[in-house]
Amino acid sequence: MFKKITTPLDEQLIQELKAGDRVLISGIIYAARDAAHKKMTDALAAGEDLPFDINGQVIYYAGPCPPKPGMVAGPFGPTTSGRMDRYTPALLDQGLKGMIGKGLRDAAVIDGMRKHKAVYFAAIGGIGALIASTIKSLRTVAYEELGAEALVELQVEDFPAIVAIDCTGRDLYDSEPPKYIGKFEECINEEKVLL
Amino acid sequence: MREMDVAIIREWVKKLFMHANYYLCDDIMKKLLAYRKVEVSDIGREVLDKILENARLAAESEIAICQDTGISVVFIEFGQEVHFTGGSLEEAINAGVREAYAEGYLRKSVVRDPLNRVNTGDNTPAVVHYSMVPGEKVKLQVMPKGFGSENMSAVKMLKPADGVDGVVEFVVETVRKAGSNPCPPIIVGVGIGGTMEKAAFLSKKALLRRLDSQNRDGYYANLEQTLLKKINNLGIGPQGLGGITTALAVNIETYPTHFAGLPVAVNITCHASRHEEVEI
Ligand code: SF4
């Protein structure tokens with residue numbers, strides 16, 4: 001059912017991943033959200049290097065809670081990816097191959113994904129505690145001053161996600177919901193507890 | 001006259017915010033299980049399973065269900081016979097929030113100024129709603145409110161002639177537009193009547209009501225069910241990846257309004273809808 005995959009994503013794997021595949025991701029991923037994205041794209045615009053080698057890497061849109069003593073990471077679920085759309089094409093140009101977040105991406109991002117063969121994974125929003133349990137180590141790479149928004153390198157093991165948009169641009173957010181329009185009333189029958 | 005030291009409020013605010021963040025409410029848990037049984041989308045069922053597993057894990061380790069531990073919303077309803085002593089009530093509430101977010105390992109998500117966005121570092125100030133009632137009790141309700149769902153909320157000033165159809169259309173359209181952003185399954189709070197801000201207030205209050213309860217007025221209880229059916233027929237499903245579990249409940253609250261208007265507000269919250277209350 002679940003495909004185990006490891007990062008950095010190699011080209012053959014990216015080609016194989018299809019929208020709808022359930023995956024368990026292991027390896028290094030980089031957590032960054034709004035403020036870190038702004039800093040990274042500002043750096044690129046100024047002709048500076050990014051704080052990490054982004055080639056082949058995966059960025060996870062997330063900003064955690066602080067960890068409790070004895071835990072590697074605090075709750076660490078995904079944030080809304082759409083807010084990162086405007087920064088993303090420039091990062092895809094630099095070799096970014098995977099993104100993890102929640103929700104839709106815009107046309108420019110999907111075009112960039114097709115062009116550079118990249119994949120977008122949906123993580124489940126609101127399961128930060130469970131996701132934290134898949135994080136085996138954590139290291140702040142840059143922008144420490146941003147607190148929960150710093151750029152952080154995570155080593156994850158079996159991080160659960162779903163391929164939401166594959167490298168051909170097939171988008172689960174487009175293809176799935178229409179299948180269930182009008183289905184609720186058919187399904188509930190006597191399940192009054194739902195109402 | 002009853003005297004109450006604000007230190008008591010501070011302690012409760014702290015306790016309630018920590019508790020609310022760690023433990024998913026039992027009424028939400030029950031709804032999730034019920035929908036898990038009937039959800040027809042495979043991905044939808046898997047998502048619901050993970051949400052339930054996450055809730056158990058968070059409770060076990062006493063860590064936050066979701067990393068967006070929200071802006072801190074507090075409703076305090078106090079009897080007019082109560083006299084608060086020991087300092088400022090609002091400062092006591094903020095001190096409780098500060099302690100909860102520091103000692104509870106919760107994320108600090110509040111910025112001091114909406115445009116010049118610098119984090120306050122302790123999740124204060126809280127958004128506090130005061131109300132006064134007869135008697136000498138104090139009712140405290142807290143709600144760490146995540147913004148993935150708050151951002152998808154909306155207010156509209158309908159015309160009286162738009163009537164119930166206008167309300168239904170606006171609510172369903174707001175949820176449709178929200179799509180995957182508020183982390184469905186969601187809970188939909190609807191405020192109808194009053195003024196613009198009163199409708200918004202009611203829509204948030206509606207989110208504090210249990211999911212297995214109904215509006216006391218049969219007409220609005222029916223409207224809650226009509227809306228829920230329409231919303232779950234949209235196909236959005238868990239996480240917006242398709243299915244019949246888009247909303248777990250629709251709660252409506254109403255208030256008298258001006259004869260020239262029909263204010264409606266929709267406040268959306270996610271499956272990680274966290275709130276706690278106490279009567280002191
Ligand atoms: S919408 Fe709710 S579940 Fe989703 S990230 Fe925000 S608080 Fe968490």
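In chain B, strand S7 (residues 186-194) and strand S9 (residues 262-270) run antiparallel and are joined by 7 bridges. Val190(B) faces Val266(B) in S9(B). This is a predicted model.

**The sheet around S7 and S9**

These strands belong to an open sheet of chain B. Its 4 strands come in the order S6-S9-S7-S8, and the pairing is mixed. Strand S6 (154-158) and strand S8 (247-257) of chain B stand at the edges. Each has a single partner strand, so one side of each is left without a neighbour in the sheet. On average, neighbouring strands of this sheet are turned by 15° against each other, direction ignored.

Two helices lie across these strands. Helix H6(B) lies across S6, S7 and S9 of chain B. Helix H8(B) lies across S7 and S8 of chain B.

**A second sheet in chain B**

Chain B has another open sheet of 4 strands, in the order S4-S2-S5-S10 and again with mixed pairing. At its edges are strand S4 (127-133) and strand S10 (276-279) of chain B, each pairing on one side only. From one strand to the next, the twist averages 10°.

Strand S2 (residues 71-79) of chain B runs parallel to S4(B), and 7 bridges join the two. One pair of bridge partners is Ile76(B) and Tyr130(B), the latter in S4(B). Helix H7(B) packs on this sheet and touches S2, S4 and S5 of chain B.

| Helix | Residues | Angle to a strand |
|---|---|---|
| H6(B) | 163-178 | about 30° to S9(B) |
| H8(B) | 218-232 | about 140° to S8(B) |
| H7(B) | 196-206 | about 95° to S2(B) |

**Where the chains meet**

Now to the interface. In all, 46 residues of chain A are in contact with 47 residues of chain B. The size of an interface is often given as the accessible area lost when the parts come together. Between chain A and chain B, the buried area is about 4100 Å². Carbon and sulfur atoms give 66% of that area.

Across this interface there is 1 salt bridge. It links the side chains of Arg22(A) and Glu46(B), at 2.8 Å from N to O. Between the two chains, 16 residue pairs are in polar contact.

Which elements give two or more residues to the side of chain A that touches chain B? They are helix H5 (128-132), strand S7 (151-165), helix H6 (172-175) and helix H7 (183-188) of chain A. H7(A) gives the most, with 4 residues. The residues on this side of chain A divide into 29 nonpolar, 9 polar and 8 charged.

Terms used: Residues numbered from 1 in each chain as written. Chains lettered and ligands numbered in written order. Predicted model: local features only at pLDDT ≥ 70, side-chain atom pairs only at ≥ 80, totals over all residues. Heavy atoms only, no water. Contact = heavy atoms within 4.5 Å. Buried area = accessible area lost by both parts, 1.4 Å probe. Salt bridge = Lys/Arg side-chain N within 4 Å of Asp/Glu carboxyl O. Polar contact = N/O pair within 3.5 Å; in protein donor to acceptor, adjacent residues only side chain to side chain. Nonpolar A, V, L, I, M, F, W, Y, C, P; charged D, E, K, R; others polar. Pairing = 2+ DSSP bridges. Axes fitted to C-alpha atoms, helices over the stretch in contact; angles between N-to-C directions.
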